[in-house]
Amino acid sequence: MSSPTPSPHAMSASVPVVLLACGFGEQGALAGYGALGVARTLGRLGVPVYLVSDRGVLPIAFSRYWKDTFTWDLSAPVDQSLRFLLDLGRRVGSLPILLPTTDRTAVFVAEHAGVLGEGFTFPRVSPTLVRSLTNKWQMFFVAKANGIPAPETMLLRSKDDVVRFLDGARFPIMLKSADPLLFQGATKEIINSARDLIEKYDRAADAGSPSFILQEYIPGNDHTVWMCNAYFDRESECLATFTGRKIRQWPPHAGIATLAVSQANEAVEAATRHFMQAVGYRGLVEVEYRYDARDGLYKVLDVNPRVSGAFRLSATTNGMDVVRVCYLDQTGQAVPSLAPSNGRKWMVEEDVFSAFRYAREGKLTFGQWLGSLRGVEETHWFAPDDPLPMLVWFWKTLCAAARHLPMILRRLGQPTDPAERPGNAAGSGPSHHGAPPGWRGEVNGHPATPLGPGDHEVTGAVAALCRPGHAGDRPRP
């Protein structure tokens, strides 16, 4: 039988929680951004929450709900990182719960669970399993082996693999980093031509050893992408599943959800339960699927074995979410009945950049954008009881835009038709030679190269807004 709804006065909130939000220190404000949602959802219940993040001015670090914040660079020697965390655990006291919010920290916790378990409580997951789920190439095989449909995928080991693929290739195609833990950072974009693919691969090869997969492009708009946030206990029993679908993404067509709606989907929930229980997963996870209208299947795109940045999309009618379920289970408390609030909308403020870009593609009007915001119950950066993260995010946005103002003005002054630009023949792709430092190259309107530190979500946005919209900005079936 279900227990009563826990509240700040009915549940024990004495066990602290430590959030690991460390990346490589150059992924911008969105690195580990799910940590902010954890600070608020647990902090409002009176749980002491602590943050360990990269150095720098990160909006997530300014929440009033942090009991304390710390910075650490996970590229330090492993023994130093472990010593730092164990010292922190003793300082916090009460055997705190340790939650990773990035792929890198999820792998780190799994690989060193034996040592970290001396000072923390957390769901134990095989490091081999965590690596196989974060690695896009390995995840494809794990899904197939367990009967989970997935887009057809190919690993690019060399330039020869690119050439072989192009013999009879069909575009568009998805290009992704095979291993998001590599220092070069994550890549996920739509490639529309052989030239685009070769240019992208050559740039990556010049920068180091490229690690890419090619994934079948499933036709459809952002509404066909579904997210499932779930929690599995130490026996791999599913205590909570929440589903929702994306409305818009940043970057457009192939990025994180900037606007999403909570909506029940039994097929997605069942697939997630089957998948995670088949591999013996424990803890928090987010699994993304895309509905393929060609065969009526939901096909897995990504598995994030950690706290999701979008977990607050699915709060229940009694205030529960997967993080609160995790906290109750890890502290030995009963989990109440869960009634998802279907129709609830959640937004990341970067949606304004996404909306401008979709508008330039001719896919969104101002009125449609305003209408889509109807029903938004929670935004990521802003909260009335915790406004400082939003102010810091806004300040960083303005600073990044100001640094790139000359580039923006130059692009605004360029001809609308790409064929009219000097040096661009009609039908040719954009040239990246002589681009300003920090400028994100684009391939048919989709991001192609990483940005400099701290500018990921801002510079790409303001640059994209200034690029004239044309047919090449969207996937061509």
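Before looking at any packing I noted how angles are taken: axes are lines fitted to C-alpha atoms, for helices over the stretch in contact, and angles run from 0 to 180 degrees between N-to-C directions. Helices (H or I, at least four residues) and strands (E, at least two) are DSSP runs, numbered from the N terminus.

The model is predicted, and local features need pLDDT of at least 70, side-chain atom pairs count only at pLDDT 80 or more, while totals for chains, interfaces and linings use all residues. Residues are numbered from 1 along each chain as its sequence is written, and side-chain values use heavy atoms, with hydrogens and water left out.

**Entry 1, overall.** Of the 477 residues, 57% are buried, where buried means under 20% relative accessible area, exposed over 50%, and partly exposed in between, with a 1.4 Å probe and protein chains only. Taking contact as heavy atoms within 4.5 Å, I noted that 71% of the contacts between residues at least 6 apart in sequence join residues at least 24 apart.

I turned to helix α3 (residues 103–111) and helix α5 (residues 127–134), which pack at an angle of about 165° with their axes 8 Å apart. The two are therefore roughly antiparallel to each other; the classes are under 35 degrees for roughly parallel, over 145 for roughly antiparallel, 65 to 115 for roughly perpendicular, and oblique for the rest. On the α3 side I listed D103, A106, V107, A110 and E111, which meet P127, V130, R131 and T134 in α5. Sorted by class, this contact has 5 nonpolar, 1 polar and 3 charged residues, with Ala, Val, Leu, Ile, Met, Phe, Trp, Tyr, Cys and Pro counted as nonpolar, Asp, Glu, Lys and Arg as charged, and the others, Gly among them, as polar.

Not counting residues up to four places away in sequence, D103 touches T134, P180, L181, N304, P305 and R306. I also checked the pair D103 and T134, which are 31 residues apart in sequence and 6.6 Å apart in space, C-alpha to C-alpha.

R131, S132, L133 and T134 of α5 make the contact with K136, Q138, M139 and V142 of α6. The residues of this contact divide into 3 nonpolar, 3 polar and 2 charged.

I traced an open sheet of 4 strands in the order β5-β8-β6-β7, with antiparallel pairing; two strands pair if DSSP finds at least two bridges between them. At the edges stand β5 and β7 (188–191), each with a single partner strand, so one side of each is left without a neighbour in the sheet. Neighbouring strands of this sheet are turned by 25° against each other on average, direction ignored.

Which residue of β8 is the bridge partner of L155? I found that it is I213, and K176 also stands opposite I213 in β8. Strand β5 (residues 153–156) is joined to β8 by 4 bridges, and strand β6 (residues 173–177) pairs with β8 over 5 bridges. Strand β8 (residues 212–216) is mostly covered, with 4 of its 5 residues buried. On the other pairing of β6, 4 bridges join β6 to β7, and I173 stands opposite I191 in β7.

Helix α8 (residues 194–207) packs on the sheet and touches β5, β6, β7 and β8, its direction making about 155° with that of β8. Helix α6 (residues 136–145) lies across β5, β6 and β8, and runs at about 150° to β5.

I then traced an open sheet of 7 strands with mixed pairing, in the order β13-β12-β9-β10-β11-β14-β15. Its edge strands are β13 (297–304) and β15 (376–379), each pairing on one side only, and the twist averages 30° from one strand to the next. Within it, strand β9 (residues 225–232) and strand β12 (residues 283–292) run antiparallel and are joined by 8 bridges, with C228 standing opposite V287 in β12.
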